[in-house]
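Let's take a walk through this structure together. Have the sequence and the 3D view ready as you read.

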Amino acid sequence: MHKGSLSERDICTKFITPSLRHAGWCEVTQIREEVSFTKGRIIVRGRLVSRGKGKRADYILSVKPNIPIAIIEAKVNSLPVSAGMQQALDYAETLDIPFVFSSNGDGFIFHDRTGMTSPPESALSLDEFPSPDELWARYRTWKGLSDVAAQIALQDYHDDGSGKAPRYYQVNAVNAAVEAIAKGQDRLLLVMATGTGKTYTAFQIIWRLWKAGQKKRILFLADRNVLVDQTMVNDFRPFAGRMAKLSTQSKTIERADGTAAEVTLALDKKRRIDASYEIYLGLYQAITGPDESQKLYREFSPDFFDLIVIDECHRGSAAEDSAWREILDHFSSATQIGLTATPKETTYASNIDYFGAPVYSYSLKQGIRDGFLAPYKVIKVHIDRDVQGYRPVQGQVDRDGEEVEDRIYNTKDFDRTLVLDDRTKLVARKVTEFLKESGDRMAKTIVFCVDQEHALRMRQAVINENADLVAQNHRYVMRITGNDRDGLDQLGNFIDPEATYPVIVTTSRLLSTGVDAQTCRLIVLDREVGSMTEFKQIVGRGTRVHEDTQKLYFTVMDFRGSTSHFADPEFDGEPVQIYQPGPDDPITPPDDAPQSDDDGNPMPPQPGDDETVLTDPTGTTTGGGGSGNPIRKIYVDGVGAQIVAERVEYLDESGKLVTESLRDYTRKALQKQFASLESFLRRWNSEQRKDAVVKELEAEGLPLDMIAAELGTDLDPFDLICHIAFDAKPLTRQERAANVKKRGVFNKFGPQARAVLEALLEKYADEGVINLDDLGVLKIAPFSGMGSVLELIGAFGGKPGFEQAVRDLQSAIYEESA
C-alpha cells in the first residue's frame, strides 16, 4: 500500500504508534490518542445555540496519567513532516507541555519549548523518538526538580474508578502547585474563574501531597457553611474516615449523586478538639472571633498543620488585620495555598503581596472560549429617576409625615437612604417582562439588591407581578439573606438543578460568592457594584453550564450601570451581546445580533458544519450584609418612575414633541451639522482648539457626554462623532496615542521637548485632554517636575514653537480618521 494514500489515522496506527512502542512508551498508561481537551465554545445566535468544534490532540504522552510532557500532531504523508508543528505548538502552549512533535509517518520534527536545546527544532527518524526516561530527565532539568521533588511530582492523582478525569487546566493547576511545593515554595496562589472547579483542583493537590507523605495534616478554610459541607460530602469524599469538620453542629448533607452523608465533627459540645484526624475543614468564623474565647485555632499548636488551603481567599485573607490572617499567621510554618477567582489588589489588601504571583491562572474569557463556561448577554435598563435624579417638591413629606430634605437624590441614594416604591415596582415589572418574553418563567433568577430591607421590598414587588405563579407555589419568589432563616433553608433547593422552587430569589450580598447555582439563567443588578472583585463574583453565579437542563448561556440585566465594569481592562470575559432597550422596545434582546469569533472576526449567521446545534428556536434540541448602625430610610410614595433607556425628547420643525432613541436623535442632529464625514474632518482639522467644536454642538443641544454615557463608551469626541454620525469604526484614545508613537512624531525634537510632548500624549490617552496647547497644563504634574513653564516652552524655541509642535501633535493624533 502506498503511504501517500493512507489517511491520517492510518499514519498514526501504522507508523507513529509503533515508533512510540519501540521507544518504550506504554500504550495503557502513557499514550493517549485523539484527546479532546476543550469542549468547543458555546455560540449564541439569539435563541439558536450551537457548540463550536473543540480542540483535539492526536497524541498526548504522559510520564504518568495526568502528568503530560509531550504532544504529537500527525498529518497525512502527502504533507511535509513539519506540517503539524504550528498547530502542535498552539496546543502545547495551552496544555503547558514542553516537548512538541510533528509527523507525517516518515519521521518526526521535534521542538523543545524549554529553551535548553539549540537549535530548538530538529529532525528525528522513526527509530529516534526519545524514551519516557529521556524526556522525563529533560523535564526534571528544566524544572530543577531534585530526586525527592521528582518523586513528589510523580505522585498519582486520585482515581475513583468512574472514568472522571480532570480537565486540562485543572491538570495544569495541580501540577504547577505540586511541583512548586515539592521545590520548597510555601505560599501559593491559584487563580481560577468561578465555575471551573477550584475545590476539585484543591482536592487533587491535597491528595497527591498527602499520599506522597509530604503533607500529613491539612486544614481547608472557607467562609460559608455550605461550601464546607458540600466539599466534605462531594469532592473530599475520598478522605472519609480521616476527615472532620471543626464544628459542634452535626448535620446530614445530600451528595451530588443523591445519596446522603452525615458530616463528621472534630469538636464535641464543649468545643474540645479531637486531634486524631488528618484532614480538617473549618469555617473561619467558627474558629476565630473578636473575643479570646472564640479563637479556637489557638488550641492547635502552631506546627500542627503542614498545609492550609484557603478557599475564596480574596474575601479576607489578604488584609493584614483580617481574621483570616491571624489564623494564617498562627500557622505560619505551614504551606499555604490561596484559591480565588478574583485576586484582590487594593491599597489595603493584596493577595499577591501575601501569596506571591499566581502559580497558575485560568480566566473567565478562556473558560468561555474553551466551552467550559457559559457565555452571557447584557441588558442595560435606564430609569428616569436614576438618570435625572430626584428632587422633592417644596414641602414634600415622607411616609412618616416628615419633610424630605431638599437636595438632589441619585442612584447612590435610592434604596439606601431614600426609597421610591414606584421604582422598585418598575424593576420587578421589567424582570417579569423579560421572563415572560423569554418564554421561560421558571428560569432560576437572582436579584441583587442594595441591602436586606431592599431585598424584602423587591420580593414583595416581584410576587405582586407574578401572582398567578405564586398562587401555585408560594416559594416561586423568596428572599435569601443572612437574617432570613426561612430563605436560608431554601438555598439548597435554589441551587439544586432537580428542585423547581424557589425560582426567583432576592438577596443583597449572600449569593454574590461561593454559591454553585448551576442553572441560574438571569442575574439582575439593582444595586451599584463598585468592586471589580465582587462584580466578577456576581457574574460568576451564572457561568456554569448545565446541559441536562439546556442552561447554555445566561443574561445580566443591569438597572444601576454596574456593567460599566465590562469596559475595564481588568474584566476578562466579553459579553456576546449588549442590549439597551428603548422605552417601547421589548426587554429581550433581538435574535439577530452579530457574533464574533475568538479573533474578533464576524461569524456567519447560521451554524457551520463544524458546529453542533444544542438548542433551536423551533424547539428541537440535541446533545446533552454589612454591620454597624442601620441608616434611617426615607420612604416617598407616589413619585413615579419610568424606563428612559436611550430616550430623548425634542421639538421637531413643526414644534411637535417627538420621542426618539438618543442615538438616532444624535445621528440626525450631527448629520445636519456636518453633511458628510469629509465636511466634519475639514471642520475639525481647521479648528486649533478642538473643544470649540464640542462647545458649539452643546450650544445646539447636543451634549456628547450624554450619548457617551448611554453607549457606555469613553471615546474621544472626534471618534464619538465619526462613529455615531457616519458609522466609522472608532479608535480608543490609547490606540490613537500608540499610533502616534509608532510614527516617530517626536524624533525631530530635543530630549526635554520630546519628554513634554510624550507626557502630553499620555495625558490625552489617560484623561481625554483635547486642548493640549493650554499653557496652564505645564504648571501641573508631571510637567511641573520637568522644569518651569518658561524652561519647557524654551525647549521649543519659544511660545510659537510650542504651539506649532502641539498643533502637529494633534494633527498626528487625528491623522487616522478611523
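What follows looks at a sheet and then at a pair of helices.

A word on the ground rules: this is a predicted model, where local features need pLDDT of at least 70, side-chain atom pairs count only at pLDDT 80 or more, and totals for chains, interfaces and linings use all residues. Residues are numbered from 1 along each chain as its sequence is written, and side-chain values use heavy atoms, leaving out hydrogens and water.

Start with the open sheet, whose 7 strands pair in parallel in the order β11-β14-β10-β15-β16-β9-β17. Strands here are DSSP runs (E, at least two residues) numbered from the N terminus, as are helices (H or I, at least four), and two strands pair if DSSP finds at least two bridges between them. The edges belong to β11 (243-245) and β17 (360-362); each has a single partner strand, so one side of each has no neighbour in the sheet. From one strand to the next, the twist averages 15 degrees.

Now zoom in on β10 (residues 218-222) and β15 (residues 307-310), a parallel pair joined over 4 bridges. Here L221 sits opposite I310 of β15.

Next, find α20 (residues 677-686) and α23 (residues 717-726), whose axes come within 11 Å and cross at roughly 165 degrees. Axes are lines fitted to C-alpha atoms, for helices over the stretch in contact, with angles running from 0 to 180 degrees between N-to-C directions. The two helices are therefore roughly antiparallel (over 145 degrees). Who touches whom? On α20 the contact uses L677, F680, L681 and W684, and on α23 it uses P717, F718, I721, C722 and F726 (heavy atoms within 4.5 Å).

Key:
Angles under 35 degrees count as roughly parallel, over 145 as roughly antiparallel, 65 to 115 as roughly perpendicular and the rest as oblique.
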